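Where do the charged side chains of this protein pair up? This report looks at its salt bridges.

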Amino acid sequence: MMRNFFLVAALSLLALPLSARAQDACRADAERLCKDIPPGGGRIIGCLKSHEADLSPACKERMAAGKARMERVNEACKPDVEKFCQEIKPGDGRIAACLKSHDSELAPACHQIVDRVETAIRETHEACNSDAEKFCQGMQPGGGRIRACLKSHEAEISEACKAVFDHRGKSAK
């Protein structure tokens, strides 16, 4: 089950790059402005966007970086999404999974993005699977719940898993 979580979670980075990337820089803003919003489904990001004028400079910067990344992904993969995945309902990583299923047919730029996501899947799974099984057992994957669970156990998770989180945050800047 955890392997499937990592597959869905990493592939969903194509569709929802802001949520994981913005979380740390925007944590205080989310707690202040969106404390009553349940996590998952992009609701926290939506809340933060609706309070854009009230965000800290670091959060605004991270949100802008995430938006720019999403625009690059959209530009690179939109033709392939329209060609191969137009019948697929967005959400829960379904578009990303569709793209992966057409990997050999993708445009080079989109293929490169899908390859990077596969690398993230592998690295995250190898580094964090045992921690996810230990600390997040029985938790329903999706909506960032496993990631949030691991982050809530940050002091207890393995150094390898911590390194994945540190690397992902730095590479988003």
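What follows is a short account of salt bridges and the exposure of their partners.

The model is predicted. A search of the whole structure finds six salt bridges. Three of them are listed here.

| Salt bridge | N to O distance |
|---|---|
| Lysine 78 – glutamate 82 | 4.0 Å |
| Glutamate 118 – lysine 100 | 2.5 Å |
| Glutamate 154 – lysine 151 | 3.6 Å |

Lysine 78 and glutamate 82 both belong to helix 4, which spans residues 57–84. Four residues separate the two, about one turn of the helix. Lysine 78 has a relative accessible area of 42% and is partly exposed. Glutamate 82 is also partly exposed, at 45%.

The side chains of glutamate 118 and lysine 100 meet at 2.5 Å, N to O. Glutamate 118 is partly exposed, with 24% relative accessible area. Lysine 100 is partly exposed too, at 28%.

Is lysine 151 buried or exposed? Its relative accessible area is 12%, so lysine 151 is buried, because the cut-off for burial is under 20%.

**A network.** Salt bridges with shared partners link Lys100, Asp103 and Glu118 into one network.

Definitions and conventions:
Residues numbered from 1 in each chain as written. Predicted model: local features only at pLDDT ≥ 70, side-chain atom pairs only at ≥ 80, totals over all residues. Heavy atoms only, no water. Buried < 20%, exposed > 50% of the residue type's maximum accessible area, 1.4 Å probe, protein only.
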